[in-house]
Amino acid sequence: MTLAPPALSRSTHHLARELAARTDLWQQHVRFAHETRWSVRVAVADDYEAWLLTWLPGQSTGLHDHGGSAGAFTVLSGVVEESTPAPARFRRPAALVHRTLSAGRVRAFGPDYVHDVTNTGTEPAVSLHVYAPALDTMRFYVLDELGLPQVVSLERNGADW
């Protein structure tokens with residue numbers, strides 16, 4: 001694992017771009033697992049951490065948050081789809097908004113963000129995710145009949161990953 005310098009003055013968006021440009025940091029860790037998406041932490045500092053995730057077609061995170069951490073992710077290769085609960089004014093039962101993100105795109109989010117990331121393409125994909133502060137917990141959700149996210153499980157750092 002690479003120890004990265006503190007990034008107190010950089011946004012997670014800019015930090016994701018900077019770390020993505022450092023192929024020496026993540027490229028040697030790219031591998032794919034058939035059972036589930038594969039991930040490895042590639043950088044850690046006092047105020048953030050970065051994870052490399054790889055995706056075979058059909059692999060998904062499931063609808064989740066980041067336990068109060070803000071963050072950003074950038075697609076390094078391939079294409080992924082991000083799904084988020086629809087804003088209340090557009091909500092229909094179980095409504096999600098879908099965005100296709102290709103290589104080079106960065107998606108930043110705040111501490112209360114809920115989303116699902118899926119490789120809906122036909123080729124493998126690779127992405128780099130930055131969290132500030134480092135992840136402590138992640139909650140997983142399903143949408144109720146009104147399209148509102150409801151917690152179904154909780155994962156903790158050190159116990160579940």
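Since the model is predicted, local features need pLDDT of at least 70 and side-chain atom pairs count only at pLDDT 80 or more, while totals for chains, interfaces and linings use all residues. Residues are numbered from 1 along each chain as its sequence is written, and side-chain values use heavy atoms, with hydrogens and water left out.

Helix 1 spans residues 12–21; helices here are DSSP runs of H or I with at least four residues, strands are runs of E with at least two, and both are numbered from the N terminus. Thr12, Leu15, Ala16, Leu19 and Ala20 of this helix are buried, that is, under 20% relative accessible area with a 1.4 Å probe and protein chains only (exposed is over 50%, partly exposed in between). These residues sit on the same side of helix 1 because they cover an arc of only 135° around the axis, taken from the directions from the helix axis to the C-beta atoms. Their packing partners are helix 2 (23–26), strand 3 (49–55), strand 4 (70–77), strand 7 (106–109) and strand 9 (125–132).

Strand 3 is itself well tucked in, with seven of its seven residues buried. Glu49, Trp51, Leu53 and Trp55 lie on one side, and Ala50, Leu52 and Thr54 on the other. Strand 3 pairs with strand 2 (residues 38–44) in the antiparallel sense over six bridges, where pairing takes at least two DSSP bridges. A hairpin of four residues links strand 2 to strand 3. Strand 3 also pairs with strand 9, again antiparallel, over seven bridges. Leucine 53 stands opposite serine 39 and also opposite serine 127 in strand 9.

Of the 16 lining residues, the closest to the pocket centre are Arg37, Ser39, Leu53, Leu135 and Met138. Strand 3, strand 9 and strand 10 (137–143) each give two or more residues to this lining.

Elsewhere, aspartate 116 lies in strand 8 (residues 116–118). Aspartate 116 counts as buried because its relative accessibility is 16%. Threonine 61 is 55 residues away in sequence, yet the C-alpha to C-alpha distance to aspartate 116 is 5.7 Å. Beyond neighbours within four places in sequence, aspartate 116 is in contact with Ser60, Thr61, Gly62, Leu63, Glu81, Glu82 and Ser83, contact being heavy atoms within 4.5 Å.

Terms used: 1 Å grid on protein atoms, 1.4 Å probe; cavity = no way out; pocket = protein on both sides within 12 Å on 5 of 7 lines; lining within 4 Å.
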